[in-house]
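Here is a set of questions and answers on one structure, which is shown next.

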There are 2 protein chains.
Amino acid sequence: MGDVLRALIDALGEDVVVHGEAVAARATSYWDASPTRAMAVLRPRTTEEVSVALAICHRFDQPVVTQGGLTGCVQGAVASEKELILSLERMSAIESIDPVGGTATVQAGVTLQAMQEAARAQDLLFALDLGARGSCTIGGNVATNAGGINVLRYGMMRALVLGLEAVLADGTVLSSMNQMLKNNAGYDLKQLMIGTEGTLGIVTRVVLRLHPLPTSCNAALVALESFDRVTELLSRMQRDLAGTLSAFEVMWNDYYRAATEPGGHRAPMDRDYPFYVMLQAEGADAAADAARFETLLENAFEAGLIVDAVIPKSESERRALWEVREDFEAMLHGRTTFLYDVSLPIREMTSYVTEMRANIAAEWPDARCIVFGHMADGNLHLFVQPGVDGAEHAVCDEAVYAPLKSRHGSVSAEHGIGAEKRAWLGYCRSEGEIAVMRALKQALDPKQLLNPGRIFDPA
Amino acid sequence: MGDVLRALIDALGEDVVVHGEAVAARATSYWDASPTRAMAVLRPRTTEEVSVALAICHRFDQPVVTQGGLTGCVQGAVASEKELILSLERMSAIESIDPVGGTATVQAGVTLQAMQEAARAQDLLFALDLGARGSCTIGGNVATNAGGINVLRYGMMRALVLGLEAVLADGTVLSSMNQMLKNNAGYDLKQLMIGTEGTLGIVTRVVLRLHPLPTSCNAALVALESFDRVTELLSRMQRDLAGTLSAFEVMWNDYYRAATEPGGHRAPMDRDYPFYVMLQAEGADAAADAARFETLLENAFEAGLIVDAVIPKSESERRALWEVREDFEAMLHGRTTFLYDVSLPIREMTSYVTEMRANIAAEWPDARCIVFGHMADGNLHLFVQPGVDGAEHAVCDEAVYAPLKSRHGSVSAEHGIGAEKRAWLGYCRSEGEIAVMRALKQALDPKQLLNPGRIFDPA
C-alpha cells in the first residue's frame, strides 16, 4: 500500500477509503459496466472529510477524480489506475427548504430526482430536468452546468444555483452559500465551480433556486413542412405563450422515423413529415391555459405553419408523446453509434445539417444520421450510425465538428468537454480563451491535481 | 508630459488622448459635477485601440480606470490624478440584431436605453431596466452585473449576456462572442468579466440575449397591513401569474409618506398603511391578462391579504404610479442622506429592519430611515437621513451593515463594492472568499493596473 493511501486511511478510516478488490466491484459508469479502475475510492460523509482528503492528496501530489451520478457523456469522471476517485455518494442530504425565499440547501450527492420530489412536496419546482434525473446528482449538475429540457424558460443549472460550498485543491473550504437572487459583493465565486467539470474544486453543498410549481400543463406534438416554419412557430409561441413556454423540442424526420420503427414507439401521427416539434407550456390556470394553447395551435394551423397536431387528452397520453422524444435507447442498440451535442445559432442550423450530412455521406454512403434537440437553446443532438464495421470515431468527429467553425458553433452545448472532446476544444475556443482557462487552473490548482487533463491538456 | 502619455499620443493620436485642461472640463460623474481628476482620458474608437492603450499602460505600469455612463453609486469609476481614465463613450454602436436567435451584438458604450429602443423597434425586449437607463451603458451594466426592476422575471445582467469581448490588463484581446443559450465548451470565461467591476479586463463588445416583447401590461399599487401579508402576496402572485410577473416592489410606510409629501407626488391612496407594493405583469393577451390580473387582486382582497388597491386605467396613470416608486430625488434634497443597497433572505427582512432602525435611532434619535426595494430579489434600498449636522458615514454604515452578518445578508445587492464599500466587504465575504478573489486578480492582472483598489485592497 502506498504512502498516500496509508495517510488517507489513518486520517479518515477504512470505512471512507475503498481500496483493493472492492474498487473493481464498482461499475465504471452508467454507460460502462466494466470494473472501476482507480487507486482507491474515497466516500467522505462531510465537507470536512473532503477537505482532509484533498489536503492529504495535495501533500502527496495525488491526482483526484470526482464522481457524482456517473451519467456524464464525455468520460470526465472515468479514472485511471494512478488516480484516486472521490465520490460524493454519501453526501446526499436535503438540508433545508425555504418556501418564502424559494431556496433549497442540499449536499452535492443528492440526485436530481430526489431534489425535484422534495421541492414538489412543498408546492415548489426545482426546474432543472433531464433524462438522467434518477441517477445524476446536483453536484454533477453544477460541475457540468447541466441543461436539459427546461432551459428555454428557466435557464441552465448556472441560473438555478444561488450559492455553493467547495473544497479547493489544497483542502481549503470555500464557503459561498449565498441565498439571495442579488448579491454583488465582490466576485461571484460560485461561477468558478459551475461548468468547470471539477477542475477547480469539488462542490460539496449547494443553495438552489426554486420556482413556483405550475399547476397547468399543456403539450402537443406538431408536424411542419420546413425549418423556416419551425423557427416561425418558435417565435410565435415564445411571444404568445408569454413566459409559460417551457419546452420546444424539434425532431428531424429521421429521428421521428427511427423512434417509431416497428417494435419501437407507436407513431402518434404520419411518419413522413420533414419536422416534428414537441412543445409544452406550464401555467397556473387550467381552463384558461388549455383554451389559449388550443387557440394558438389552431391559429398556427390556419396560418399554414403546422400541418398536423396531436394534443394529448390525458397525462398518460402526454407521457407517451414525450417518450417518442426522450426514450431513444432502442435506436442505439446493436449498431455503432456516435453521439453528439453541438450548439450553433438557429439561423445556421439548416445549412449546418446539410453540410454535416454531406460530410458523413462522403465517408459512409449508407450511414444513418439522426438529428433532434433543444432547438430554442441552439442545441442539437446527433446520432451518427456509420453502418459499417471499424468506423473511426475521430473521422466522424471531424465530419460533425468542422462545419461548426465558420458558424460560430460549439462542440459541446451541455455535455461538457471531459476527456472525450478535449481534442476538439480548439474548434470552438481560441488559443487566447484556452490560455485564460489554463491561467485560472494554474491560479487555483497549480499542481494540476483535480480532474487533471479534463477539458484541456495540462499546462 | 510623462512618458506614458507621450507613448499613448504617438500610438493613438491626440484625438484619442484627452489631456491637460480638457480633462477638468469633464464632470466627475452623474452625481458629482466637480472637474474630473485624472492624468488623461482615453477615448478609443475600437477594440484594437483599447488593446493598444492597455499594452502601453502595461509597459509603463500605469493604472487605468474604466468609465461607462458614470451613474455608478460606489465610486468605482472615479479616478485620482495618478490614474488614467479609459472611457468607452465612442464605442456605442449596435452592430446587429438577430431576431431568430434573439440576440443583439453591441459595443460596450451603447446606453441601456438605446439598446432597449433598438430591440423594441424589432418587437423584441432587452429586459434589463433601471432608473439610470438614459445614461448607463451596457459595458457598465456588465461590469457591475446590473439589477433593477425586472430581475424577478429575467434575472440580472449576468443572465442577459451570452458572449463578450474584453481586453486584458496586458492588452490581450479575449474574444468570447458566444451567441447560444447553451455552450459548455470549457470554462465560461465571460463570467470573469460580469460583476467584477472592471478589475479583470475592459469589456468592449457584448452579445446580449433578447426576449419576446410583451404586448399586455397590467399593474397595480396595493396596500397591506403586515410584512407577512406582503410575502404571502408575493408567493401567490408568483404562482398565479405564472411566468408573467415582472415587478414586485415593496415600500415601507416611511418611503410612501416621504414620496407623497406636499409638493411631491400626489398620493394615489391613503398614506397610513404599513406597506405598499407596486406590482406588474406582462403578457401577450390583453383582454385575458387584464381579466386574470383583476380577478387575482379581487381574490387577494377577499382573502384579506390586501386592504386597498389602485389599478391604473391608462398608460399615463400607470406611469404616475411608477413615479411614486422610481422618482425619489425630491426626498433627498437639502438633507444629508446615506444610501444603501443591501440584500438578505426575505424571511429575515422584518427583524433586520427593526434592528437596523434601532441602531440608527440609538445614534440619531431624530433620524429618518426610508426603506423600499426589489423585495422579491431579497434586495432592500435604504435612505438614512440622520437629521443632524456632521453625522459620520462610517457610523451609519456600521449601523446598517452589522445586522446583516448574522442574517447572511450582503452589503451590496446590485450596486457593487467599488471604492466606497471596500471597507465593508468583510461583513459579507469571508477571508477565504476574498483570498480567492485576490488569486483571480493576481492571475489576470498581476501588476494590479485595472481599477486598482476597487472591491478589495491591493494584495
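Buried means under 20% relative accessible area, exposed over 50% and partly exposed in between, with a 1.4 Å probe and protein chains only. This is a predicted model, in which local features need pLDDT of at least 70 and side-chain atom pairs count only at pLDDT 80 or more, while totals for chains, interfaces and linings use all residues. Residues are numbered from 1 along each chain as its sequence is written, chains are lettered from A and ligands numbered from 1 in the order in which they are written, and side-chain values use heavy atoms, with hydrogens and water left out.

Q: Which elements do the buried residues of H1(A) pack against?
A: Helices (H or I, at least four residues) and strands (E, at least two) are DSSP runs, numbered from the N terminus. Helix H1 spans residues 3-12 of chain A, and its buried residues are A:Val4, A:Leu5, A:Ala7, A:Leu8, A:Ile9 and A:Leu12. Their packing partners in chain A are strand S1 (17-18), strand S2 (40-42), helix H3 (47-59) and strand S4 (84-87).

Q: Is B:Trp364 buried or exposed?
A: B:Trp364 lies in the loop between helix H11 (349-363) and strand S17 (368-374) of chain B. Leaving aside neighbours within four places in sequence, its contacts (heavy atoms within 4.5 Å) are B:Pro386, B:Val388, B:Ala391, B:Glu392, B:Val395 and B:Cys396. With a relative accessible area of 9%, B:Trp364 is buried.

Q: How far apart in space are B:Trp364 and B:Val388?
A: B:Val388 is among the residues in contact with B:Trp364. The two are 24 residues apart in sequence, and from C-alpha to C-alpha the separation in space is 7.6 Å.

Q: What area do chain A and chain B bury between them?
A: In this interface 80 residues of chain A are in contact with 81 residues of chain B. Buried area is the accessible area (1.4 Å probe) that two parts lose on being put together, summed over both. Of the area buried here, 58% is on carbon and sulfur atoms, and the total is about 6100 Å².

Q: How many salt bridges does the rule find across the interface of chain A and chain B?
A: A salt bridge is a side-chain nitrogen of Lys or Arg within 4 Å of a carboxyl oxygen of Asp or Glu. The side chains of B:Arg347 and A:Asp98 meet in such a pair at 2.5 Å, N to O. Across the interface of chain A and chain B, the number of salt bridges found is ten.
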